[in-house]
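I opened my notebook to look up a few things in this structure. Here is what I wrote down, entry by entry.

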Amino acid sequence: MNYRQWKKNYKKIHGINPPLEMDKRKQYKIAKRAIKTIHRIDFADVAARIAEAIVRAAADYMRIFGEMFSSAGMILRNAAENMYGSVDSGQLEQEIIEKWKGEADGRDYD
């Protein structure tokens with residue numbers, strides 16, 4: 001029985017074409033096409049695309065981490081302002097600047 005007869009007989013019995021697992025000729029054709037496409041692949045181009053994808057992913061992660069740290073910083077600043085309560089933030093900044101200037105001059109305000 002040749003391939004054509006086998007395929008017609010299978011279709012007559014089951015009502016559909018034989019699946020890929022049973023059809024050796026289809027498997028051979030698919031493997032042959034895959035081998036042809038492998039020869040046409042430019043590996044330098046593939047490596048460049050992979051490197052670009054890695055760089056984009058790293059940039060996305062850095063952007064996400066930056067936003068997280070920025071929001072965490074804002075939360076901490078708000079918490080610090082709430083801890084000082086009635087102290088004006090401008091006054092607090094001036095006190096910190098004066099303390100730093102004093103430390104730079106060698107004076108101690110404690």
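**Entry: an aromatic cluster**

I looked up the aromatic rings and found that Y3, W6 and Y10 form one cluster. My rule was that rings of Phe, Tyr and Trp (its six-membered ring) pair if their centres lie within 6.5 Å; planes under 30 degrees apart count as stacked, over 60 as edge-to-face and the rest as tilted. I note that this is a predicted model, where local features need pLDDT of at least 70 and side-chain atom pairs count only at pLDDT 80 or more, while totals for chains, interfaces and linings use all residues. Residues are numbered from 1 along each chain as its sequence is written, and side-chain values use heavy atoms, with hydrogens and water left out.

How many aromatic pairs did I get by this rule? The count came to three. In one of them, the ring centres of W6 and Y10 are 6.1 Å apart and the planes meet at 35°, so I wrote the pair down as tilted. W6 and Y10 sit four residues apart in helix α1 (residues 3-14), which puts about one helical turn between them. For helices I used DSSP runs (H or I, at least four residues) and for strands likewise (E, at least two), numbered from the N terminus.

Next I checked how covered the two residues are. I called a residue buried under 20% relative accessible area, exposed over 50%, and partly exposed in between (1.4 Å probe, protein chains only). W6 is partly exposed at 26%, and Y10 counts as buried at 14%.

Then I turned to another pair, F65 and F69. Are their rings stacked or tilted? The centres are 6.4 Å apart and the planes are at 25°, so this pair is stacked. F65 and F69 are four residues apart in helix α3 (residues 43-84), again with about one helical turn between them. F65 is partly exposed, with a relative accessible area of 39%, and F69 is exposed at 60%.

**Entry: around the cluster**

I went back to Y3 and found a charge there. The charged end of R25 sits over the ring of Y3, 3.9 Å from its centre. The rule I used asks for NZ of Lys or CZ of Arg within 6 Å of the ring centre and within 35 degrees of the ring normal.

M1 lies in the segment before α1. Is M1 buried or exposed? Its relative accessibility is 72%, so M1 counts as exposed. Leaving out residues up to four places away in sequence, M1 touches W6 and N9; contact here means heavy atoms within 4.5 Å.

I found D23 in the loop between α1 and α2 (24-40). Again leaving out residues up to four places away in sequence, D23 touches Y3, W6 and P18. D23 is buried but has no salt bridge, and the nearest side chain of opposite charge, K26, is 4.5 Å away. For charges, Lys and Arg count as positive and Asp and Glu as negative, while His and the chain ends are not counted.

**Entry: salt bridges**

A salt bridge, in my notes, is a side-chain nitrogen of Lys or Arg within 4 Å of a carboxyl oxygen of Asp or Glu. By this rule I counted three.

D45 pairs with R49, and their closest N and O atoms are 2.8 Å apart. D45 and R49 are four residues apart in helix α3, about one helical turn. D45 is partly exposed at 32%, and R49 is exposed at 56%.

E52 and R56 meet in a salt bridge at 2.6 Å, N to O. Both lie in helix α3, four residues apart. I noted E52 as partly exposed at 40% and R56 as exposed at 54%.

D60 forms a salt bridge with R63, with the closest N and O atoms 3.0 Å apart. D60 and R63 are three residues apart in helix α3, and I wrote down about one helical turn for them too. D60 is partly exposed at 40%.

**Entry: the whole chain**

Last, I stepped back. The chain has four helices and zero strands, in the pattern α-α-α-α along the sequence. Buried residues make up 5% of its 110 residues. The accessible surface comes to about 10000 Å², and 60% of that belongs to carbon and sulfur atoms. I took these areas from the Shrake-Rupley method with a 1.4 Å probe; for residues, only the protein chains shown count as cover.
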